[in-house]
Amino acid sequence: MATVKKTRFELNGSDDRPLRGDVRTGGATDDRPVVVVCHGFKGFKDWGFFPFLAERLAKAGTTAISFNFSGSGVGPDGESFSELDRFARNTYSKELVDLGIVWDAVRSGTLAGDLPPAQTFGLVGHSFGGAISTLFSADCSDVKALVTWAAVANPLRWDEETIVQWRADRKLDIVNSRTGEVLPMHLDMLQDIEDNGVDRIVLAAERVAVPWLIIHGDEDESVAADEARRLYDAANKESTELNIIPGGGHTFGARHPWAGYTTELEQAMNQTVEWFSRHIC
């Protein structure tokens, strides 16, 4: 099994402030396909399973790139929510810009160190990051394969009562269940969703033209499995597969700090690595 080398990088994100990430690769980087990994809402590149997913992808013959979206709220230590002003103003559209910034740096060979320009790309995203990956894949011809985990189909995650209060207060307090921290969110997210429509992700699913693996747990407590079925119903059936994992929750049993693999997470990992091995390696 190849030894994986990790290199850090830093770019200017959508808000012209640091966008921080890691490159993991095994062996020579010439001609290796690249897989970019996108975390979800309140997630970050070093949360739970993400480093292990990137490691597995690198050992399977790809260069795996993971990063914190500019609006993740996570600061330079890679763990603490110390950039709450950035979290407060995050949007789907800003995350798409961030992903484009990373993508352009990979294509041009300016991302990190001696990493050469890449020619073949895959994309994998979890939850909110799955929605971003779907939106990006619909409009980027460079993407050759897509995997989404527990992806959001409906971007509007709040009920009407909450939205009314959000407007009145001009902010919504989001509680980080892991730490108990309160993460304030301004109206930017709500305005972005309303400007682009609640069907934005499903409409993008109709345009995804590459091999797409949709993975979801049937016991997802945050994003119901029906959202995966909604994406699949919109997608091109000739190139899309839907795998509903029995007993799988939103993170397939993974925790942060990392507490090891579950059967459901192993299934998601294995299916993901196999998908990219089949379609871009």
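Author: A residue is buried when its relative accessible area is under 20%, exposed when over 50%, and partly exposed in between, with a 1.4 Å probe and protein chains only. The model discussed here is predicted: local features need pLDDT of at least 70 and side-chain atom pairs count only at pLDDT 80 or more, whereas totals for chains, interfaces and linings use all residues. Residues are numbered from 1 along each chain as its sequence is written, and side-chain values use heavy atoms, leaving out hydrogens and water.

Reader: How many residues of strand β2 are buried?

Author: Strands are DSSP runs of E with at least two residues, and helices are runs of H or I with at least four, numbered from the N terminus. Strand β2 covers residues 18-26 and is mostly covered. Of its 9 residues, the number buried is 8.

Reader: Over how many bridges do β1 and β2 pair?

Author: Two strands pair if DSSP finds at least two bridges between them. Strand β1, residues 4-12, runs antiparallel to β2, and Leu11 has Leu19 in β2 as its bridge partner. The number of bridges between β1 and β2 is 9.

Reader: Which residue in the hairpin of β1 and β2 takes a positive phi?

Author: This hairpin has 5 residues between its strands. A positive phi near 65° is found there at Asp16.

Reader: What radius of gyration does the protein chain have?

Author: The radius is taken over C-alpha atoms, and the globule rule is 2.2 Å times the number of residues to the power 0.38. For 281 residues, a compact globule would therefore have a radius near 19 Å, and the chain agrees with this. The C-alpha trace spans about 55 × 40 × 35 Å along its principal axes. The radius of gyration of the protein chain is 18 Å.

Reader: What share of the residues in the whole chain counts as buried?

Author: The protein chain contains 9 helices and 10 strands. Among its contacts between residues at least 6 apart in sequence, 71% join residues at least 24 apart. Of the 281 residues, the share that counts as buried is 55%.

Methods. Contact = heavy atoms within 4.5 Å.
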